[in-house]
Amino acid sequence: MPIDLFKKKPSGPRGLSLALQGGGAHGAFEWGILDRLLEDETIEIKAVTAASAGAMNAVCLAHGLGEGGRDQARETLEAFWRGTNRAGGQNVFGDSSIWTKAFAGPDWLKNTPGWRMAETFAMSLSPYEFNPFNLNPLHDVLEATVNFETIRERSPIKLYIAATAVRQSKAKIFRETELTAKHIMASACLPQVFQAVEIDGEPYWDGGFLANPPLWPLFYEDTPDDILVVSLNPFVREETPKSPAEIMDRLNEITFNASLASELRAIGFVQKLLDEGLLKDTAKGRYRRMLVHAITADGPLADLSLSTKFNTEWTFLLDLKERGRQAAQAWLTECGDCIGVKSSIDLKVGFP
């Protein structure tokens with residue numbers, strides 16, 4: 001028989017850890033979710049684990065909370081996304097096909113073999129060749145928006161920022177006490193577009209390759225039992241991709257969801273062992289009963305393709321923010337009472 005399936009409802013603010021996926025401009029969807037959660041004073045965000053665009057949202061959140069509280073956090077998030085819009089250009093989030101898109105042409109032409117060959121040739125260029133000065137507008141946006149000294153010295157939340165160590169092929173987790181804009185750039189470095197970010201002699205690429213986002217840091221530290229996973233890549237697509245662009249889009253979604261799906265399966269397995277009494281659940285023991293919740297991209301972002309992850313038009317970012325706010329409101333309405341009590345998704349059945 002399952003044991004300890006439910007916990008007593010907590011009194012006072014309900015602690016919550018957030019797990020924020022990366023996904024380029026679709027990170028504005030997370031902005032909307034954070035904006036809505038910050039309005040709810042019965043919820044206290046105590047830890048964030050993140051990669052890439054999720055990491056950018058995480059440091060904006062930590063900066064704002066450290067500087068002035070919830071309202072300041074909301075203002076910082078808006079300032080960052082407004083700065084992203086003003087930085088302009090499809091390559092702000094690393095559009096690897098920017099060189100072929102620079103040449104205007106009708107849609108029918110872009111679907112011809114000749115155009116695809118030209119695009120393939122453009123994508124064969126290394127960022128060390130077409131971006132020798134390693135220009136990255138997001139670095140300047142972050143520096144202008146976030147005071148990393150505030151985060152390092154008095155962040156009110158724990159941060160776990162993922163990057164991929166290129167030489168070691170390992171996920172690296174950076175903590176709030178060491179963060180700079182360079183660490184966030186490492187977490188968001190797409191190797192097709194940006195040169196690897198070197199930190200302490202190790203080159204790093206986008207954290208999403210091996211941890212998108214990492215969940216394991218939350219298992220072994222003093223963080224809330226509740227994890228709200230926010231995904232930016234749909235797990236489910238109803239139609240089979242057939243065109244080259246559709247195939248590449250879906251392959252990218254599957255690839256960037258792989259590490260998260262693996263970790264969620266592991267949590268589900270441990271929960272099963274705990275339910276069957278084969279493991280002991282102790283507050284400070286090796287195994288914890290994690291309460292898992294999710295706001296996925298499967299509904300709110302299902303109509304968007306990979307190419308829209310590079311769209312930084314303000315109207316589009318605001319649309320994503322509103323989608324995020326609506327998704328957060330729906331989750332609070334349907335699952336808010338589960339915080340601190342039980343998981344609102346069944347990992348034994350599957351995710352999402």
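Predicted model: local features only at pLDDT ≥ 70, side-chain atom pairs only at ≥ 80, totals over all residues.
Ser169 is exposed, with a relative accessible area of 54%.

Ser52 also has a positive phi of about 55° without being a glycine. This residue is found in the loop between strand S2 (43-51) and helix H2 (53-67). Ser52 is buried, its relative accessible area being 10%.

## A cis peptide bond

Asn212 and Pro213 are joined by a cis peptide bond, with omega at about -5°. Pro213 belongs to the loop between strand S6 (202-206) and strand S7 (226-230).

## The packing of H3 and H8

Helix H3 (residues 70-87) packs with helix H8 (residues 137-145) at an angle of about 150°, and the two axes are 9 Å apart. Because angles over 145 degrees count as roughly antiparallel, H3 and H8 are therefore described as roughly antiparallel to each other. Their crossing is right-handed.

On the H3 side, the contact is made by Thr76, Ala79, Phe80, Gly83, Thr84 and Ala87; H8 contributes Pro137, Leu138, Val141, Leu142 and Thr145. By class, this contact has seven nonpolar residues and four polar ones, with no charged residues.

## The protein as a whole

The secondary structure comprises 12 helices and eight strands. The protein has 352 residues, of which 53% count as buried. Among contacts with a separation of 6 or more, 78% are between residues 24 or more positions apart. The protein exposes about 16500 Å², and carbon and sulfur atoms supply 54% of that area.

Key
Residues numbered from 1 in each chain as written. Heavy atoms only, no water. Helix = DSSP H or I, 4+ residues; strand = E, 2+ residues; numbered from the N terminus. Buried < 20%, exposed > 50% of the residue type's maximum accessible area, 1.4 Å probe, protein only. Contact = heavy atoms within 4.5 Å. Areas by Shrake-Rupley, 256 points an atom, 1.4 Å probe, with all protein chains shown as cover. Axes fitted to C-alpha atoms, helices over the stretch in contact; angles between N-to-C directions. Parallel < 35°, antiparallel > 145°, perpendicular 65-115°, else oblique. Left-handed = near helix turned anticlockwise from the far one by under 90°. Nonpolar A, V, L, I, M, F, W, Y, C, P; charged D, E, K, R; others polar.
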